[in-house]
Amino acid sequence: MSTGNEGLRFVRRAMAPAVVMLSLATLAAPPAAAQDPAPAPDATRPDATRWVWNLADLYATPEAWQAEHDRLKGQVAEVAALEAGFAQGPEAMAAAFDTIWTAYRAMSRLYSYASLRADEDVRVAENQARLQQARMLYAQLQVATSWIDPAIIALGEPTVRGWLEQEEGLADYAFYLENVLRRAPHTLSPEAEAILAGTSQLRSSPENTRSLFFNGELPWPEVTLSTGETVTLTPSAYTLHRAAPNRADRQLVFDTFFGAIAGFESTLGATLDGQMQALQFETRQRKFEGSLDRALFSEAMPVAVYDRLIGEVNAALPTLHRYFRLRGRMLEVEDLSYMDIYPPLVSLDKVFTIEESIALTRRALAPLGEEFIAAYDEGVEGGWIHVYPQPGKRAGAYMSGSAYDVHPYVLLNHNDDYEGASTFAHEYGHAVHSILANRAQPYPTAGYSTFIAESASIMNEQLLSAMLIREAATPDEKLFYLGQALEMIRGTYFRQAMFGEIEREINALADAGEPINGERLTALYLETLRRYHGHDAGVMRVDEAYGVEWGYIPHFFYDFYLYQYATSIAAASWFAERIVGGDEATTRAFIDMLKAGGSGHPFELMRAAGLDLSEATAHDALERRMNAIMDEMEAILAEQGR
Ligand SMILES: [Zn+2]
């Protein structure tokens, strides 16, 4: 995607195919994956079909999908009519819930097929039309069930608790009911909720404006590189050429690209101000102290976790600066500048076929134990994964675990390189998570949070990376893996936390009713960027011209989304350290956390696994790992006399 400039494969997963599923989280759990074992891979199947997912596991034919769609459409009115008898007693409530969740469960499977089929080739109109049909039906189902939360709140907490105790049939819905009660102080009267819902399109206008402007109307400049090639610096061309090996090219690319954005500083500032006003509106209406409180409340994440992240990242800046000095040494650049952060330190020609990626990942994940590996083996040999790029196929990578009764599906664009292997380890880790959670949990609590999901999958990537570092055949190969691991920490931990810190500042201005404009955003961004990159300490020069970079970062529109990834990689480092170190109790607790699915809030689930994210523990583990990586790199460089 054009905004995928930060190298976060998980942003893709959470923002795109899951859009509909995410909003489902408020009612049904976001659906996950398989309960029925997958059909055994057919050994006679040729490779061409082996590495394409088999959507017939969902519906045998498009006609079967259409028939199911029509059946479900007929159910919408039935679900809406449940409102009348819902509050008669605990049994009526349990029966209504069963009908409603069964409808969502079928809806998720229906949506999965439409969405996966559409992603195989986004140019096929018939598939897009099917996806549109699925979206519309989903929206209808949502409208038909929008009465539930207010109806539960109207019953009152003592009644709901009493019914929960009396009626066994409500047990699977206990977490959901508790959550509705928890939200009650921030839930408005039905009339006010309706008004709020009516403003949602209005409130998404700033983000739409930004997207249209960036993807169509902003006039991108042309540059001629030292190779003689002339390129139009769109965001994707910028992402490619900012890593140019020639330093003068990088300078030209940076200066031209940010020069173009600077011409629209005021417009972009007003757009982001509009977004902040929109968030403020909901924050005030729902009676939260500030936008950060509101955003973190949805998953009961303590604000202390956010504050801890920003505090620990700032304390770890000397370690980041050590990395920049090492980078300067390896690139042989004395006066390191911000435009030197993207060129790779070492290149590697090694081929990682999908078969090798699967075998390597399996070996790397062995410390997770038999149960994990058994789940890993279930679908990895064919039919669950769409592996290779093809014309019209959706870019990026994701795992879809929405078909609870079938099995997870994974989309890759595998290129036989290290990045491909690492992406496979990450996405297939999500698939295993879905298998474990779905088997252990009933449908209403199977869907897990992004927070737990990313911690687990980033950990899988780290285990793969650690194994490849250990087994590297040459010092240069080892340096490559070490350099990649360092870059992952910079991009996922430090950079996302920096955005998180800026986002907190911008929202705090809005909370206080202070004006936000382009000039002010540039000053705030430049100050933070320089602090993180050691400008004043002489580590890396950050030219004033780059202060407008905020205008290019779409994530400031995502409502406190990025802190999850920075925190997740720290959590992953803590788990990886212990699991690789043979800590069996933590390994068991980690697997139990995966199996817990969405039966608890992520902060509590992680604390039950032994990690309290409001403390420094996870961040310390990440910093230790980063320093150990650099120790190893410096030892290799010293041996090579570099
Ligand atoms: Zn992910």
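## An aromatic cluster

Tyr338 is buried, its relative accessible area being 0%, where buried stands for under 20%, exposed for over 50% and partly exposed for values in between (1.4 Å probe, protein chains only). This is a predicted model, in which local features need pLDDT of at least 70 and side-chain atom pairs count only at pLDDT 80 or more, while totals for chains, interfaces and linings use all residues. Residues are numbered from 1 along each chain as its sequence is written, and side-chain values use heavy atoms, with hydrogens and water left out.

Across the whole structure, 46 aromatic pairs are found, a pair being two rings of Phe, Tyr or Trp (its six-membered ring) with centres within 6.5 Å, stacked if the planes are under 30 degrees apart, edge-to-face if over 60 and tilted otherwise. Among them, Phe254 and Tyr338 are edge-to-face, because their ring centres lie 5.9 Å apart and their planes stand at 85°. Phe254 belongs to helix 14 (residues 247–262), whereas Tyr338 lies in the loop between helix 18 (317–331) and helix 19 (354–364), so this contact ties together parts that are 84 residues apart in sequence; helices (H or I, at least four residues) and strands (E, at least two) are DSSP runs numbered from the N terminus.

Phe254 is likewise buried, at 0% relative accessibility. Phe254 also forms an edge-to-face pair with Tyr546, with 5.2 Å between the centres and 65° between the planes. Here helix 14, which holds Phe254, is linked to the loop between helix 24 (518–533) and helix 25 (563–580), which holds Tyr546, across 292 residues. Tyr546 is buried, as is Phe254, and ring pairs join Phe254, Tyr338 and Tyr546 into a cluster with other residues including Trp220, Phe257 and Tyr342.

## The zinc site

The zinc ion has as its protein donors His426 (NE2), His430 (NE2), Glu454 (OE) and Glu454 (OE), at 2.1 to 2.5 Å. Donors are N, O and S atoms within 2.8 Å of the metal (3.2 Å for Na, K and Ca), and sites may look incomplete as water is not among the atoms. The angles subtended by the 4 donor atoms run from 53 to 136°.

Along the sequence, the donor residues follow the spacing H-x3-H-x23-E. His426, in helix 21 (residues 418–440), and Glu454, in helix 22 (residues 450–471), are 28 residues apart and link distant parts of the chain. His426 is buried, with a relative accessible area of 0%, and Glu454 is buried with a value of 0%.

## Salt bridges

The structure contains 37 salt bridges, each a side-chain nitrogen of Lys or Arg within 4 Å of a carboxyl oxygen of Asp or Glu. One of them joins the side chains of Arg105 and Asp405, at 2.6 Å from N to O. Arg105 lies in helix 5 (residues 90–120) and Asp405 in the loop between strand 4 and strand 5, so the bridge ties together parts 300 residues apart in sequence. Arg105 is partly exposed, with a relative accessible area of 28%.

Helix 5 also holds Asp119, whose partner Arg394 lies in the loop between strand 3 and strand 4, so that parts 275 residues apart in sequence are tied together. The closest N and O atoms of Arg394 and Asp119 are 2.9 Å apart; Arg394 is partly exposed at 26%, whereas Asp119 is buried at 3%.

Glu487 and Arg490 form a further salt bridge, 2.7 Å from N to O, and both lie in helix 23 (residues 475–511), 3 residues or about one turn of the helix apart. Glu487 is partly exposed, with a relative accessible area of 22%, while Arg490 is buried at 6%. Elsewhere, a network of salt bridges links Glu193, Arg203, Glu282 and Arg286.

How values were computed
Tetrahedral: all angles 85-135°; square planar, octahedral: opposite > 155°, others 65-115°.
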